[in-house]
Amino acid sequence: MKVNSVKELLALEGNGEEVCVEGWIRTKRDSKEVSFIAVNDGSCLSNIQIVVSKDFPGFDEIDSRLVNGASVSIKGKLVPSQGKEQKVEIIPITIDIVGDCPADEYPLQKKRHSFEFLREIAHLRPRTNTFGAVMRVRNAMSFAIHKFFQERGFVYVHTPIITGSDCEGAGEMFRVTTFDLNKIPKNEGNIDFAQDFFGKEASLTVSGQLEAEVYALALKKVYTFGPTFRAENSNTSRHLAEFWMIEPEMAFCDIHGNMDMAEDFIKYILTYVLDSCPEDMNFFNSMIEKGVVDNLYNIIENKFERITYSDAIKELEASKKDFEYPVKWGMDLQSEHEKFITGEIFKKPVIVTDYPKEIKAFYMKLNDDGKTVRAMDVLVPRLGEIIGGSERENDYNKLLKRIRELGLNEEDYWWYLDLRKYGSAPHAGFGLGFERLIQFVTGMQNIRDVIPFPRCVGTLEF
RNA sequence: UCCCCUGUAGCUCAGUCGGUAGAGCAGUUGGCUGUUAACCAAUUGGUCGCAGGUUCGAGUCCUGCCGGGGGAGCCA
């Protein structure tokens with residue numbers, strides 16, 4: 001017999017049709033004549049109610065086993081509910097307890113748990129309302145990302161996880177080696193990486209950008225969407241050691257096209273989630289962050305503010321606000337400044353461009369003033385920076401000069417420089433932290449609660 | 001890595017001036033009721049994060065370590 005998802009069943013009228021549902025018991029409420037069992041199978045936030053008469057054959061044997069957490073397979077008739085909270089319910093014909101769940105040991109109770117506690121039981125937390133909703137929204141957003149780019153002719157490029165270049169420059173890297181760590185080969189006192197698996201130092205990628213540029217300068221519009229690793233000792237609600245990043249890269253595109261793409265992209269994803277996950281989004285709106293849905297509609301309906309770094313500095317100075325870090329042209333924007341610009345001054349997403357070259361990466365295109373580069377950061381209220389991108393330097397000599405100025409080893413960049421030597425073209429792209437976007441969409445406070453198994457400093461239990 | 005807060009029952013927390021431990025929820029038992037985080041009653045449950053120290057006596061005061069949270073830095 002076909003197994004129906006709870007989501008499917010709740011969309012039906014309940015004309016007494018025979019149905020089958022498989023899932024986990026969330027609650028059981030007993031009444032004189034009947035027991036009410038709420039079953040959830042993860043297909044949606046709602047449970048389906050099973051109404052078991054106490055005359056049900058064998059009820060006495062199964063009654064004590066129908067407890068929170070047990071997995072069940074139930075066949076029965078779908079009928080309109082007599083209760084108010086649900087449209088339909090199942091009158092069972094057979095009830096199979098697939099897996100028992102000892103009620104005195106099961107950590108999940110039918111009450112609200114703290115997210116800190118749930119992190120300690122990461123193997124069970126997907127069975128809660130919040131984590132089910134987070135994962136369904138995460139799934140919808142993943143799909144929307146591919147849909148957005150595919151509809152626009154982008155090619156999905158799988159950039160490598162293991163990288164030999166330590167020149168990506170975006171942070172501390174995890175080492176990859178097959179050395180026996182108790183017997184590391186040495187050559188004149190130094191570690192002899194020539195004997196390691198790849199014959200040179202290897203790490204986990206901190207960004208697919210440089211490789212994405214290679215493919216953009218052949219396929220024109222590409223994007224990556226995959227895991228990224230940073231070995232930073234950062235301990236905040238916005239950082240993970242392993243996270244997912246989206247990095248589009250477009251040839252024959254300047255910073256303005258890049259900004260348009262970033263804005264369209266965010267609005268598309270938000271629209272898709274609001275359309276496809278209304279139940280989960282209502283849950284976040286009422287239980288996690290009041291007003292989050294209206295905020296998202298606000299973002300979709302309004303143009304992002306675009307402002308240069310220099311003008312942003314002027315705005316901050318004009319605000320006369322007493323910042324912990326004093327505002328001065330040339331400094332990097334601190335969290336407090338970013339949150340003030342987006343949350344207080346404009347009250348909507350803001351794209352800040354043309355930062356001083358000293359505070360940005362070597363590959364960003366130098367402006368004619370010689371002082372600023374064509375960087376763009378998208379700042380959103382509450383979170384701050386969600387996207388970092390730029391038009392890339394496509395002039396061979398300017399890029400080489402910048403590499404030398406910064407004391408980087410130009411030999412490490414030979415293939416990257418080649419791109420500017422052979423048929424160079426203006427190109428631009430950006431990186432977006434997927435989990436931060438999920439935080440923004442759901443209102444979840446801690447990034448560790450929007451990824452199935454968070455990897456952070458000092459934590460690797462699951 | 002830095003600053004601040006915090007660690008007491010399975011969970012969420014209270015515990016006064018230092019005098020040997022408490023509530024709600026969950027579990028268990030019983031009752032009631034087409035219930036909706038069901039309700040009512042009884043009841044089980046503690047090496048007070050760990051290790052030292054002060055004291056006649058430490059959940060409470062002091063020191064160190066460990067875990068958790070918030071903020072900062074770094075960044076996405």
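Predicted model: local features only at pLDDT ≥ 70, side-chain atom pairs only at ≥ 80, totals over all residues.
**Entry 1. The RNA surface**

I began with the protein residues around RNA strand B and counted 51 of them. Glu89, Arg119, Thr236, His239 and Arg436 come nearest. I then looked at which atoms of the RNA come within 4 Å of the protein, and found that sugar and phosphate account for 49% of them.

Next I sorted the residues of this surface by type. There are 11 nonpolar, 22 polar and 18 charged residues near RNA strand B. I also asked which elements each supply at least two residues of the surface. I noted S1, strand S3 (48-53), H3, S13, H10, S17 and S18.

**Entry 2. Polar contacts to the RNA**

Gln49 has a polar side-chain atom 2.7 Å from a base oxygen of RNA strand B. The side chain of Gln109 places an N or O atom 2.7 Å from a base nitrogen of RNA strand B.

**Entry 3. His113**

A polar atom of the His113 side chain lies 2.9 Å from the backbone nitrogen of Gln109. I placed His113 in the loop that runs between strand S5 (88-99) and helix H3 (115-120).

Is His113 buried or exposed? Its relative accessibility is 15%, so I put it down as buried, the cut-off being under 20%. I then listed its contacts, leaving aside neighbours within four places in sequence: Pro107, Leu108 and Leu118.

**Entry 4. Strands S1, S4 and S5**

I followed the strand pairing from S1. Strand S1 (residues 18-30) pairs with strand S4 (residues 71-80) in the antiparallel sense, over 7 bridges. Within S4, Ser73 stands opposite Glu22. S4 is also joined to S5, by 10 bridges, and these two run antiparallel. Here I noted Ile91 in S5 as the bridge partner of Lys77.

**Entry 5. The sheet of 8 strands**

I traced an open sheet of 8 strands with mixed pairing, in the order S6-S12-S13-S18-S17-S16-S15-S14. Which strands are at the edges? They are strand S6 (155-156) and strand S14 (305-308), each of which pairs on one side only.

Inside this order I checked S16 and S17. Strand S16 (residues 372-380) and strand S17 (residues 384-391) run antiparallel and are joined by 6 bridges. Val378 stands opposite Ile387 in S17.

Helix H10 (residues 335-345) packs on the sheet and touches strand S15 (350-356), S16 and S17. I noted about 65 degrees between the direction of H10 and that of S16. Helix H13 (residues 434-442) lies across strand S12 (221-229), strand S13 (242-251), S16, S17 and strand S18 (427-433). H13 runs at about 60 degrees to S18.

**Entry 6. Helix H5**

Last I looked at helix H5 (residues 209-219). Its buried residues include Gln209, Leu210, Glu211, Ala212, Glu213 and Ala216. I asked what the buried residues of H5 pack against. I found strand S7 (162-163), S12, S13, helix H12 (414-421) and S18. After H5 comes Lys220, and I noted its positive phi, near 75 degrees.

Note on methods: Residues numbered from 1 in each chain as written. Chains lettered and ligands numbered in written order. Heavy atoms only, no water. Helix = DSSP H or I, 4+ residues; strand = E, 2+ residues; numbered from the N terminus. Buried < 20%, exposed > 50% of the residue type's maximum accessible area, 1.4 Å probe, protein only. Polar contact = N/O pair within 3.5 Å; in protein donor to acceptor, adjacent residues only side chain to side chain. Contact = heavy atoms within 4.5 Å. Pairing = 2+ DSSP bridges. Axes fitted to C-alpha atoms, helices over the stretch in contact; angles between N-to-C directions. Near = heavy atom within 4 Å. Nonpolar A, V, L, I, M, F, W, Y, C, P; charged D, E, K, R; others polar.
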